[in-house]
Amino acid sequence: MRSMNQYAIIPPSRLEATINLPASKSISNRVLLISALSGSTILPENLSDCDDTNVMVKALRDMPEVIDIGAAGTAMRFLTAYLSISEGTHVITGSPRMLERPIGELVEALKKLGADIEYVGREGYPPLRITGRKLTGGMIEMPGNISSQFVSALLLVAPYFEKEFELKLTEGLTSRPYIDLTLCMMRECGADAGWTSANTLQVIPGNYRAHPIVVENDWSSAAFWYEMMALSSDPEAEIKLEGLVDGSRQGDAVVRYLFSLLGIKTKFGTLQQGVPTTVTLKRSGRSVLRLDYDFANQPDIAQPMVVSCCMTNVPFRFKGLSTLRIKETDRLSALQEEMLKLGCVLKIEDDHTLLWDGERVDAREHPVINTYKDHRMAMSFAPVSMMFPGVRIDDPMVVSKSYPGFWNDLRKAGFDILNT
């Protein structure tokens, strides 16, 4: 169904800009929870201003009886764990799509630890009614292949359990870099937490200490600028991205490697590890002929990679995508549907693999891309304008979920954004 708002995107003849990327949503939301548990009243520096982080800030500040987190999946998972150990009774709910996203594995894990949680509606899904209490700790098992955010939610609150917490992950693991990011931030703030084996995590009881943190900028958001470079026909194109860190704990920092396979060079402005710097993107002109990759650790950058490969005629087989079925939309089906409008026939195998063998049909004239209320659909398809000038993006303001300034940054880079 067509929304009341669409953007038609006209690309610049020359792609050249310096962009200050948004702060990392993943780091911001973890830091907020740690800060609240430590009792600190000082917000971290360079905090993300996206929807997902703003709902966390508001919920932790106000703690209303009913907490509506909208479409913020991270907030739903993290706050479910936080409310389980916090004083009072609260109901946590969200958007219609959020109420379709399963949370049963996290709820059952928390219940095993002593949490008082009830399903307000359908079992296994939000809304939830949670009465906070002291949780016991101990050893539990949970599938690791559903959502790394379930794992991170448990880890973040585990220092406040009565006794040592041990979490054994069964049935594989998805998005491990996000779990490692959680552990790193916990340790920076005084927690004793880490891996004890390939599939077991341990957290020792203790307290977080107030610790000043400056949030680094977001590698996930950088992916869309890499995509623009890959789709540009300008051999002199150059994009500078500010605030990124070499050696970042963000799993999506792998985007620099993936796009190197599509002919994009990454140059850091400094060799100093852990210090934000300016990254310069240029074209090398050399691309692989085919790309196979497992996105189990970085599912959020699958969309810009799919679009980039299709638009640059690089057949691919991407696996490890099962979690895309339960994101803001079913991203596998959404990619298949929208790429068909651009003339590319994608196939889905076994609910976790997306492939394109180069098969094409006629592209639609004046294609309109449906975003399915998914911020990454809007941002992944906007660069398509470099090959389909005037392509229209439906419901474009969904980008506020993670990158509120996306369209303004495109304007800085010379794109014309026409409201139709």
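The second largest cavity holds about 40 Å³ of space, where a cavity is a set of points, on a 1 Å grid over the protein atoms alone, at which a 1.4 Å probe fits but cannot get out, and a volume is the space filled by probe spheres set on the points, which are joined across faces, edges and corners. This is a predicted model, in which local features need pLDDT of at least 70 and side-chain atom pairs count only at pLDDT 80 or more, while totals for chains, interfaces and linings use all residues. Residues are numbered from 1 along each chain as its sequence is written, and side-chain values use heavy atoms, with hydrogens and water left out.

The lining of the second largest cavity, meaning residues with an atom within 4 Å of a point, is made up of K25, S26, Y178, D218, S220, D300 and R376. These residues divide into one nonpolar, two polar and four charged, with Ala, Val, Leu, Ile, Met, Phe, Trp, Tyr, Cys and Pro counted as nonpolar, Asp, Glu, Lys and Arg as charged, and the others, Gly among them, as polar.

By class, the lining of the largest cavity has four nonpolar, 10 polar and 11 charged residues.

Helix α2 (residues 51–62) contains 12 residues and reaches 16 Å from its first C-alpha to its last, close to the 16 Å expected at 1.5 Å a residue, a span taken as 1.5 Å times one less than the number of residues. Within α2, the residues D52, T53, M56, V57, A59 and L60 are buried, which means under 20% relative accessible area, with exposed set at over 50% and partly exposed in between (1.4 Å probe, protein chains only). An α-helix has 3.6 residues a turn, so residues three or four places apart point the same way. Among the elements that cover the buried residues of α2 are α1 (25–38), β3 (66–68) and α3 (73–84). After α2 comes M63, whose phi is positive, near 45°.

The count of disulfides, pairs of cysteine sulfur atoms within 2.5 Å, comes to zero. C309 is in no disulfide, and the nearest cysteine sulfur, that of C310, is 7.1 Å away. For C310, the closest cysteine sulfur is in C344 at 4.2 Å, which is too far for a bond. C309 is buried, with a relative accessible area of 0%, and C310 counts as buried at 0% relative accessibility.

Where does P205 lie? P205 is in the loop between β10 (200–204) and α7 (219–231), and it counts as partly exposed because its relative accessibility is 35%. P205 and F165 are 40 residues apart in sequence, and their C-alpha atoms are 7.8 Å apart in space. Leaving aside neighbours within four places in sequence, P205 is in contact (heavy atoms within 4.5 Å) with P159, F161, E162, K163 and E164.

D409 belongs to helix α12 (residues 406–412) and counts as buried because its relative accessibility is 6%. Not counting residues up to four places away in sequence, D409 touches I19, N20, W225 and Y403.

Technical notes:
Helix = DSSP H or I, 4+ residues; strand = E, 2+ residues; numbered from the N terminus. 1 Å grid on protein atoms, 1.4 Å probe; cavity = no way out; pocket = protein on both sides within 12 Å on 5 of 7 lines; lining within 4 Å.
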